[in-house]
Amino acid sequence: MKVWVWADVTPDGPAPSALELLTKARDLGDEVAAVALGPGAKASTDALGEHGAQTVYASDDEVFTKHLAQPAVHALAGLVEEHQPDLILFPASYDARDVAGRLQARTGSTLMANATDVLSPDKARTEILGGTKIVDVELKGPAPKLVLIRPQSFAAEPSGGTAEVVEVKADAPDDLKKAERLERHEEEASGPRLEDAKVVVAGGRGLGGPDAFEQLEKLAAAIGNAAVGASRAAVDAGWVPYSFQIGQTGKTVKPEVYICAGISGALQHMVGMKGAKRIVAITKDPDAPILKIADLGVVGDLFKVVPALTEEIEKRRAGS
Amino acid sequence: MNVVVLTKWVPEPEGTPTLGDDGLLVREGADGALDPGDEYGLEAALQLVEAAGDGEITLLTMGPEVAHAALQRGLAMGAHKGVRITDDSLRGADSLVTARVLAAAIGRQEFDLVVGGVESTDGYTGTVSAAIAELLGLPSLTFARKLEVADGSLKAERQTAAGYDVVTAPIPALVTVTAGATEPRYPSLKGVMAAKSKPVEMLSVSDLGLSSEDTTATQKVAEVSDAPPKQGGETIDADDTTPARIADLLAEAKVI
């Protein structure tokens, strides 16, 4: 059984998703390979090998980052035709979604999105309706089966292997280089990344405007190793940048503690945070769905509770 | 500037969706609407056509009778005409079947741009547009906000995990538009009245020249089960002791 992983890479190394998916791929197949295209691919092969890739099909060519999706799909489709994998696991990243969707159109394969587990090479699991229902889906049709997997569905564990590196040709015709990336901009907040923070403090529509996010920043600063996130409602309203968004469209976080204020708990949001170990929800709405999944639900005025909590934590810090 | 806007009827986003015995979402008889995510794409299309000074917007949707309401909403917002593909064989269509059907329908007309939302509010697959672009041989700019067309090229800011990229592609092209890119207009009464007399073409799978093989779904729901409910949660009314309660929980979790 040949199981492949689409590995997102940057010059800093492989994305965490690549190592998570390889760890799972080891359970599913006896021939595990990774496909890594773009600057950083070659430098990532050691880590990919350590996590289970026996082969890494790699190219450092800039064409794969300068042009969107199509050159990568051209290369991947060529590899698929040559080596005939049974299953390809993709992370649910922006670029990988486009690559998977386009590859599907070429191969006529099934594509399952938002998977949270892969039970066998032809059966995958997803959660719907905000994680209240578990759905197992049979994957039929021609190989390779394509599965897009939600972030942090598996814990990355090294297996200690090394990978054979096979150079991938970057020979896409000019016709596939029409969509071009001109500039990159980063607008990440200071402090730990949302995905890495031990504590996430998130705000939603109930904050009423961008200014209230300062209260959350202060609380996060008092806690330390905490990051500030937001629901889609707050992002759509333009109060904070998209990079803050937690949920189905956005980031998946699994912190030790998730504190949210002014978030009612739309299904779209809960998918991105219900894996938190402990959930504290502060809302004025006693019927908010978020209270059903909270370890500690607080019904009250967030504009009083949040500053008082910040003060309490600062007091404890000063006392210790 | 002629634009095809991909639209989908979805069950009421604020409601509680139900699943049928076949594990598929119940659509018949459910309250529903034009997918709110599609309104951003339509608004962007309306602005581009208005800026160009000429051209037409065609709404394209696939779905049963109820989907007509989604088209009406889009026509009321200002789209010029609608196309609805409906066929009993499309019930349970997966992302590949959907992409094939929509691509075949788009290919029947002249267009400069295909515009969609980034993903539907009910299925969240988010790959149909990319598959359509591949089937039509188009470049695509996905997750776009701030669109502009100048000198035969489309330029956009594309969301990334860390911020955004500035991306460009010559037209014809496909673009998916994020929420927050634009504020969708609310249909005027005049728009609602005008929508009733705008043309809506109905097509079947055979009208599109597709075979039953093209429309055979490659996925089947094997089993649906309830996720285990959360245990031991507690809800309290806020009072003076609340900050200490939350701080205790943080201390228990060893994060302060």
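How many bridges join strand β5 of chain A to β11(A), and do the two run parallel or antiparallel? Four is the count I'd like you to keep in mind: 4 bridges, with the strands running parallel. One pair to look for on screen is Tyr57(A), whose bridge partner in β11(A) is Val166(A). Before I go on, please remember that this is a predicted model.

Okay, let's zoom out to the whole sheet. β5(A) and β11(A) belong to an open sheet of 10 strands with mixed pairing. If you walk across, the order is β11(A), β5(A), β4(A), β1(A), β6(A), β10(A), β7(A), β8(A), β9(A) and then β12(B). So what sits at the edges, by the definition of pairing on one side only? Those are β11 of chain A, residues 164-167, together with β12 of chain B, residues 219-226. Going from one strand to the next, the twist averages 35°.

Now have a look at another helix, α2 of chain A, residues 41-50. Which of its residues are buried? They are Ala41(A), Ser44(A), Thr45(A), Ala47(A), Leu48(A) and Gly49(A). After the helix comes Gly52(A), which has a positive phi, near 125°.

Leu48(A) also turns up in the next bit, the nonpolar cores. Ala34(A) touches Leu48(A), and also Trp4(A), Val5(A), Ala7(A), Ala18(A), Leu22(A), Ala53(A) and Val56(A), leaving out residues up to four places away in sequence. Ala34(A) is one of the residues with the most contacts inside the largest nonpolar core, which has 127 residues. Others on that list are Val5(A), Leu89(A) and Val147(A) from chain A, plus Val5(B), Ile132(B) and Val175(B) from chain B. There's also another core lying apart from it, with 56 residues, among them Val257(A), Tyr258(A), Ile313(A) and Ala247(B).

Let's follow Val175(B) over to chain B, then.

For chain B as a whole, we've got 6 helices and 13 strands. Buried residues make up 47% of its 256 residues, and its C-alpha trace spans about 65 × 45 × 40 Å along the principal axes.

Last stop, the domains of chain A. The assignment gives domain 1 as 2-169 and domain 2 as 199-319. How far apart do their C-alpha centres lie? It's 32 Å. As for contacts, 6 residues of domain 1 meet 7 residues of domain 2. On the domain 1 side, those are 2 nonpolar, 3 polar and 1 charged. That's my tour, thanks.

Notes. Residues numbered from 1 in each chain as written. Chains lettered and ligands numbered in written order. Predicted model: local features only at pLDDT ≥ 70, side-chain atom pairs only at ≥ 80, totals over all residues. Domains from an automatic or database assignment. Contact = placed C-beta atoms within 7 Å. Nonpolar A, V, L, I, M, F, W, Y, C, P; charged D, E, K, R; others polar. Pairing = 2+ DSSP bridges. Axes fitted to C-alpha atoms, helices over the stretch in contact; angles between N-to-C directions. Core = buried A, V, L, I, M, F, W, Y, C linked by C-beta atoms within 7 Å. Buried ≥ 20, exposed ≤ 12 C-beta atoms within 10 Å, placed from the backbone.
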